[in-house]
Structure formats: structure tokens, C-alpha cells
Protein chains: 2
Amino acid sequence: MRDHFEIRDHDAAGRIGRLEVPRAGVTVETPALLPVVNPNVLTIEPRRLAEEFGAEMLITNSYIIRSTDRIRGRVLDQGLHEFLGFDGAIMTDSGSFQLAEYGDIDVTTEEIIEFQRQIGSDVATPVDVPTPPDVDRDRAERELETTRTALADAEAADTGDMLLNAPVQGSTFPDLREEAGRHASATDLDVFPVGAMVPLLNSYRYAEVVEAVRAAKRGLDPDAPVHLFGAGHPMMLALAVAAGCDLFDSAAYALMARDGRYLTVSGTEHLEEMEYFPCSCPVCAEHTPAELRQMDGGGTADRSAEELLAEHNLHVTFEELRRVKAAIRSGDLLQLVDRRARGHPAMLDGLRTLLDHADEIERTDPVSKDAFFYTSHESARRPEVRRHHDRLSRLAVPDRLLLTESDAPSDHEYDAVWRVKPPFGPFPRALSETYPLTAEVPERLDGAAQVAAAEGVASLADANPDSDLTLGHDDWAARALDAVPDRVETENLRHLGR
Amino acid sequence: MRDHFEIRDHDAAGRIGRLEVPRAGVTVETPALLPVVNPNVLTIEPRRLAEEFGAEMLITNSYIIRSTDRIRGRVLDQGLHEFLGFDGAIMTDSGSFQLAEYGDIDVTTEEIIEFQRQIGSDVATPVDVPTPPDVDRDRAERELETTRTALADAEAADTGDMLLNAPVQGSTFPDLREEAGRHASATDLDVFPVGAMVPLLNSYRYAEVVEAVRAAKRGLDPDAPVHLFGAGHPMMLALAVAAGCDLFDSAAYALMARDGRYLTVSGTEHLEEMEYFPCSCPVCAEHTPAELRQMDGGGTADRSAEELLAEHNLHVTFEELRRVKAAIRSGDLLQLVDRRARGHPAMLDGLRTLLDHADEIERTDPVSKDAFFYTSHESARRPEVRRHHDRLSRLAVPDRLLLTESDAPSDHEYDAVWRVKPPFGPFPRALSETYPLTAEVPERLDGAAQVAAAEGVASLADANPDSDLTLGHDDWAARALDAVPDRVETENLRHLGR
Ligand SMILES: [Mg+2]
Ligand SMILES: [Mg+2]
Ligand SMILES: [Zn+2]
Ligand SMILES: [Zn+2]
């Protein structure tokens, strides 16, 4: 259906894909990070973005080019690729951001899409309305109507083989985001940015970012390429990919550098306050923070501290992108998200919100992977646990069944003895060597794992009302035992000395 | 007391220090990582270890030098520093490891210390007995007696300004480790390696590594420099530093590279299976895994894949060391450990074990830092929470006190209204802007934070048996309310609509 986007691998709701960009004659691997290039200020030459950082696609702003007398003619004349010196794919924004900032712009969707076509953009954007968070519902609905018109105007335009963005808006109303996603998906447009995320991202409202993405995804086709517009901080890439985003753009690398800020996968530091670089990129391997600070004073250095900071910021971002891709391939993306959730309390909110949607995520999560690592209380809420509980409700059970965390007793009167392993719960021994039951779990299990295992017992008991179930558990917490149905007999193995 | 070691900064039980090494004429900043240099195979030239990786100290094996006819004379002649081409501090091992491996070596402590002095070692090691884990207690005690004799022989030796290691053994018996620490600390030896950790590290028994370190530290002087012998995987550096270790040595960087293994802060990968390098060190920024695999075939490359892998392994290890130091300076070492605990279930066991010792760790944890981030259930067990609960038991309380998670009611009959903030619990509003009560916590608080807050309420109630306490809570879990003493009246604010 979206024949220019092919999904190769899934993990959680994340995927590795190939976005074909016909006008550029290239195929871009996703998740992809598009450095934002200001056509007036090339902080790092686009050629270097490709050669040194591996950028396959970048994004620049057609509205700024159109409004800037000094460069407009040259870009129209040379075309965007020659002007920027970049052979990869180039996406262009339309001025929607300026519309949101200043309330008005002097261009229509029809005009700006034609301009984008003329300058040789590979992926163009209509003039949608990026409704900010927390507005009243009337405004969100009204502006969504305008965005719909912009999408219709974009569909009607003569665009040749240029791809087109279909932004998904709806402010902080999940049902409006979902409806907007459904509408955008029904157009013949190509790439689906979830818009107006910057205010949420700037105020660390990651839980609401996840809600917006999940809502948009519920409306969009599963095979639609999704762009998280304005998102490029390495801290949240893994979370956003796990929620289902494929494209990102980063202005942060340059903007932050201008303010002396240094990005890491767990937050943002100030060069002014740093004594050590927690990085070994070519910039950080060759300089100390003190050296970079000194460069700002002297005018003799051939490169400025700002430029070097921007390079570090891009290195750490592309490094995280490679880490995310590697995690998808090896099926441990949710473990990476678990690590990143410890960078900031708001990231933990983001993970907890993502796991509210474990049922949705389960649909694209591979049935078999290398290993499930239980690395936090949140691991108990992973889709694999949910899936196992669903499966338990479909398993046939004999009349008298012992479920136990210990080995099977040598002598017993049960019809069968199943293993119990938190956070999954019970399963026939024959399944022991299958994913996810091969999970590595800590020796010191927590209450969350026990509660999840108890819910597995409940799932089995509920589906088999006529079976007699006995549970041997290793000293579970009271709240786990509360989750076991009353009719299941329980024995504390620790008291039995087993 | 240990006048060659000065502690500059503390965080948890971790510290930044300066180890003065008089024979080398240098001062080494700790935590320090000592690359292990095989005198027969210089995988990376020691000069490059200093210049490109920032190694201030390295370790090599005097027993191997003494046993290798091909090099012994040259090292005796030139001295170790010229032989290796390294100006920094050089520590030498004694053959203890070989003793543990092969059961017997042909040298005494007296002889090997004299040899170390002759070759110009800066920190020498006696022939202690590295008792492995899980042996019976008799053997652990017997071998500890031999180690004690080795320490006495080292003390008696004429060593000039060469420093001496005093290894702390004791297998997996915490009381023996503590006793061994106390004994070592009473000698006039200088550096204190916690020994025989390799079998535990190799089998991911991080909880027991933490127990061994904490036990040794209970016996050692607080200002003794502690070396975690044989530990250099970047995954566990932060945990080990937070537990109180100052020196590390890594043979892993070279040994792993020989097997095609690639270190990361969350585990070990196999080059054979990698598609992306999750790193931007000079090696990984310039090569893809596929390129490195191809190098192995051709003989034309001027550097081998093994050498490049070793360089990456060292880069990622030194990068983590800088990250650990930065975390100590900014007071967020336990947040870094929290992140690293999500790399493997065994690392989570390590963190959970470290927090069993929150009382010990609290003693060196700074009273004020920048910010407390609540990033996991484990955050509820941090020393700052413990300290606040202790403080609550010392605060004077009026007759009628309202403790509430919401704002103070505009109209009330209490003598005072205090805030309640999980995981800390109650406090007078005047303390709101003091550490750690300025903590950033997730919007979605968990049961562990509520239970800890309830324990704070209990601490206050127990110390003030004559006061009437009322608690307004935001829908706490049953197990948190169970931890509130019965005589404290509770109100669920969510039910009250506040
Ligand atoms: Mg079209
Ligand atoms: Mg002496
Ligand atoms: Zn860097
Ligand atoms: Zn690397």
C-alpha cells in the first residue's frame, strides 16, 4: 500500500525500514535522523553530515529559502542539492512552524508545494497548523479542519515523483490525533509527521509524547512511515522508536551547541560546568572540556568550540541511532528503553506510559527473540508477559495440576506439574526452552514480577474453572498472593524448606 | 594516615582521589583504570595508552618477566619504564594469579618483591593466595593465614619509595573479608586490592562482588585506596566505584578483542553478529562491523581487526571512567548505577545488594547535591531517603499535625501542615527547597516510593508518640498504607477530590 516504505524488522512497535525517495534516487534506512540544516548558516557542511556522520537524509526549510532574497534565486537556479552540496534525500518544511510562532505566513499550501518542487525538494510539506498542547477542544478541532484542507490541497498538486508529508495534528487530544491519523492515512500522501511535539519535548512531557504517537499510530496504517517532527535529542530516540516512530530531525545539535550545551543519552550538560567528557567521539577523544572552553576566547583556532560541540552532539545522536537499530535487530529494544528511562523521571513516565499500550505493541513484537532480560519492575509489564498470559487462557489443563517455582516433587498425586517463573507465571515444562520463558531474571525478584506471575496463574485458573490448581511459590509478597484466585491452593515453598 | 592517597570528592561510597606514586614521580587521579600490559605482547603500545587513551598508570606482571628468559635481562637492564616506553606509574603483579591457576609457583614474596624493586616497579605485590569463591571455610581461613604471612614479608622488605599492595582475600565469606581488610589496614602497606574477584565477575555474580567489596571496606580504613583486582568491564565500573573501589585493571580490552568481542556499557557483543557499532569512538566512527570483519581476511591492512577492537574496548572503558568521575562531581553516581543496572539482571542484583548497605553508604554521601532524580523503584532505597527518615525521628512536632501531599487547606484546625513527598515522606514546608526534597519525581509514582514515604510517616510518628497525626495521601497502594502506624489517621485525597 505504501509501496515506497518497506518494513524489514520489528521489535516492540519499533522497526527497521527502507524509505524509497524516488526524486533523490536513494533509499533511506529507518529509523533515520535528519539533521536540520539552516540554509543561511551551515554549522556543519552537509557533505560532512553524509561522509562523517552517515546522514542519508536532511531537512531544511523552504519557507526560509523563499523569504530570503539573498539565496532564493540561487537555490531556484542551482537546485537544493547543489546549493547544499548534498547527494542524499532532502525533506523541506513549509513554514508551518513560522505560522505557529507568528500567527500568519504569506504563502498557501499550493504555492509552497510548487516552490518546493521547483527547488528540487525530495519530500515536501503542506502548510498544516501545528496546534500546541493544552488548547481547548474547539480550537484543536477547528485547526485540524484547516490541516485537512492543506492535505487535500497537497493531494491535488502536481508533484511528479516528489514525496509529500501528511502531518498529523490534534494537540493533546488522543481521539483527535487518532482521527487525524486515520484521515491522513486515507490520502495518497506519503510520510506522516506527528506534529507540534516541540512544546511537549521542551518541557520533558514524554508521557504525552508517547500518548500522541500511539494515538496517531492507531489511526495510521501499520505500514505508514511516521516522523516525530522536531524530535532529535538522543535521550528519547529509543523510546520514540519503540512507540513506532521512523523518522526524526535534529536542530538540537546546532541550537544547543550555540548555547554551550552538550547532549548525552541521559540529558543535556553545560560545557561551562563539565570537567570530563563522557564520550569518546573524535571531538571528545581529542579535547577536554577545559580546552574547548579556552578556544572560545582566542581567535586563532581554525574551528570554534561551538562547531566542535555541534559535532559531538551529532556524533552522540547518530551513535544512539545505531544503538537503536542494533537493539531492534537483536530484539532488545525494550531493554534499551528501560536503560534510557533512568536518565530522567520524565523518561520513566514515558516508559510507564508506553507499557500502558503493551497490548498494541504486542501485535508487532516478534514471537521469538534471543533473550528476555528482566531488568526492572517495568519489565513485568512488557508485551511478552501479556502475550504469555493470553496464551495461558488457551492452554488445556488436567484435573489436578501443581504449579511450582521449585523442581517437581519426586512423588506426588497430581496429573501434571508445571513450572512457575516470575514474571510470566505457569507453563508446561515442555515450553521451558522457548522464548520468552528462557528469560534471565535477577536472583532478587521483586513484587512486580511476583504480581505478574500471579496474574498468569489467575489467567490459567479463570480459563479452567473445573481444574484443581495448587501453587508452590517462593515467599511471594502479600499483594502477589492477593492476585491469585482464592480457589487456587497456595504453599510457601520457603516454609516447606524446599 | 595513608598520606599518599587524598580523597577530593565523595558520592555514595565512590570518590575522586589522588594517588601519589613517589617512585614514578606522578600523581594518579582515581578512579583509575590500569590497562594490563602483557610484557610479551604489546597489543597497543603503552605510549599510545597514555597519549590517546589517557592512561596514567598501567599494570604488568613481574612473574612473567622473571620467568621469560627472552626479556628478563633486558627489563633488568633498561628498567620497566624504558622497556615498556611508559612514563606514568607502573604496578606489577607477583604471580599470585599463576599460583591460583597452577597451584604452585617458584618464587617467594621476599624474592618477587626484590625483583619488582630491581626492575623499577612503582607499586609491587606480594605472593598472596587468591582463594576462589565457594570453597569451604577451613580452606578460606587457612589461605588467609598464608596471605597474612605474605603481607608481613612485604612489610619487612627493603622497598625504598616503591608502594606495596596488601591484597584482601577471604573467598565468599564476608566476615573473613572484613577481618582481612582490618588486618591489611593495620600494616604499613599502601594499596588494597580486593582479590580473587575474576571467577565472580566471569559468572556475572555482581551481587557477591558488591558484598565482598563492602565487607573489605568495613575492615579497611575509610581513606585506604581500594583496587578491584581483575575488574575492567565498563558495565560494572559505576557499580564498583559506588561501592567504594578506586583502582581497576583491564585485561578484558585485549583478551576480548582476541576473541572478536566488543565491549559496551551494557554487555559484550560479538563482532561476528554486529551490524551497527553503538559507539562513536575513532574506531567506530571510521568503520562498520562489516569492514572490520573483512580486514581479518586480507593481509594488506596495516592494522588488524583485533587491534582495532582492542582500541574500541579501551575507548569505551575510559569513556565510562570519565562518565563515572563526572557523575561523582555532579553527585549523580547512583543515578548512573541505576542506568547501568538495566544492562543485565545480574547488574540489577548488584544494585539491589549495594542498596542493602545504604546505611554504610550514607556516611560518605554528600548532604547536599544538585538534584535527586527518582528513576526507578530502587531509587526509594537510596541513602538520601534513609537519611531523611533518620532526620524525621529527630524533628519536633506540634500537638496536631497534618501531613499532606496536596497544598495546605485554606482553613484548618491543625497546629501545622507539613508536605509529604514520596519517597521521602513528610517534612516542614521550610525544608522544601533543600536537598534532597527538591527531588524530581515521575508523575506516575510507584508503590515503592509510597512505601518509603509511609516509612517516613512511621519514623515521625514513632518519635512523637503524643502528637496527633493526620495523613492526606494521593491514592497510595494498600501496602504503603499498611506501613503507616494505625494511630495516624489517613485520608485519600483523590476521594476527597483535592
Ligand atoms: Mg502524489
Ligand atoms: Mg614500606
Ligand atoms: Zn563526544
Ligand atoms: Zn567504539
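# Chain contact, strands and annotated sites

Visitor: How many salt bridges are counted between chain A and chain B?
Guide: Each one needs a side-chain nitrogen of Lys or Arg within 4 Å of a carboxyl oxygen of Asp or Glu. Between chain A and chain B, the count is six salt bridges.

Visitor: What kind of model is this?
Guide: Residues are numbered from 1 along each chain as its sequence is written, while chains are lettered from A and ligands numbered from 1 in the order in which they are written. Side-chain values use heavy atoms, leaving out hydrogens and water; local features need pLDDT of at least 70, side-chain atom pairs count only at pLDDT 80 or more, and totals for chains, interfaces and linings use all residues, since this is a predicted model.

Visitor: Which residue forms a salt bridge with R329(B)?
Guide: Look across to chain A. The closest N and O atoms of the pair are 2.6 Å apart. The partner is E275(A).

Visitor: What area is buried between chain A and chain B?
Guide: Buried area is the accessible area (1.4 Å probe) that two parts lose on being put together, summed over both. The contact (heavy atoms within 4.5 Å) takes 47 residues from chain A and 46 residues from chain B. Carbon and sulfur atoms give 51% of the buried area, which is about 4100 Å².

Visitor: Which residues of chain A lose the most area to chain B?
Guide: Together they make up 19% of what that side buries. They are Y276(A), R342(A) and R444(A).

Visitor: Where does UniProt place the "binding site" feature that includes C279(A)?
Guide: UniProt positions follow the numbering used here, with shortened feature names, and annotations may be inferred rather than shown by experiment. The entry is unreviewed.

Visitor: Is C279(A) buried or exposed?
Guide: Buried means under 20% relative accessible area, exposed over 50%, partly exposed in between (1.4 Å probe, protein chains only). C279(A) is in the loop between β13 and α13 of chain A. With a relative accessible area of 2%, C279(A) is buried.

Visitor: Which chain B residues does C281(A) touch?
Guide: C281(A) is in the loop between β13 and α13 of chain A, and has 0% relative accessibility. Residues up to four places away in sequence are not counted. Within chain A, C281(A) touches H312(A) and H315(A); in chain B, it touches S280(B) and C281(B).

Visitor: What is the largest C-alpha distance in the UniProt "binding site" at D128(A) and A196(A)?
Guide: That feature comes from an unreviewed entry. Its residues are spread over 69 residues of sequence, yet cluster in space, with a largest C-alpha distance of 10.3 Å.
D128(A) is buried, at 4% relative accessible area. A196(A) also counts as buried, at 14%, so the value to keep for the pair is 10.3 Å.

Visitor: Why is strand β2 of chain B largely enclosed by the rest of the structure?
Guide: Strands (E, at least two residues) and helices (H or I, at least four) are DSSP runs, numbered from the N terminus. β2(B) covers residues 14-21 and is largely enclosed because, of its eight residues, the number buried is six.

Visitor: How many bridges join β1(B) to β2(B)?
Guide: Two strands pair if DSSP finds at least two bridges between them. β1(B) and β2(B) run antiparallel, and E6(B) has R18(B) as its bridge partner. The number of bridges is six.

Visitor: Which turn residue between β2(B) and β3(B) has a positive phi?
Guide: These strands pair in the antiparallel sense over five bridges, with V21(B) opposite V26(B). They form a hairpin with four residues between them. The phi is about 70°, at G25(B).

Visitor: What is the distance between the end C-alpha atoms of helix α10 of chain A?
Guide: Eleven of its 14 residues are buried. The expected span is 1.5 Å times one less than the number of residues. For α10(A) that gives 20 Å, which agrees with the end C-alpha distance of 20 Å.
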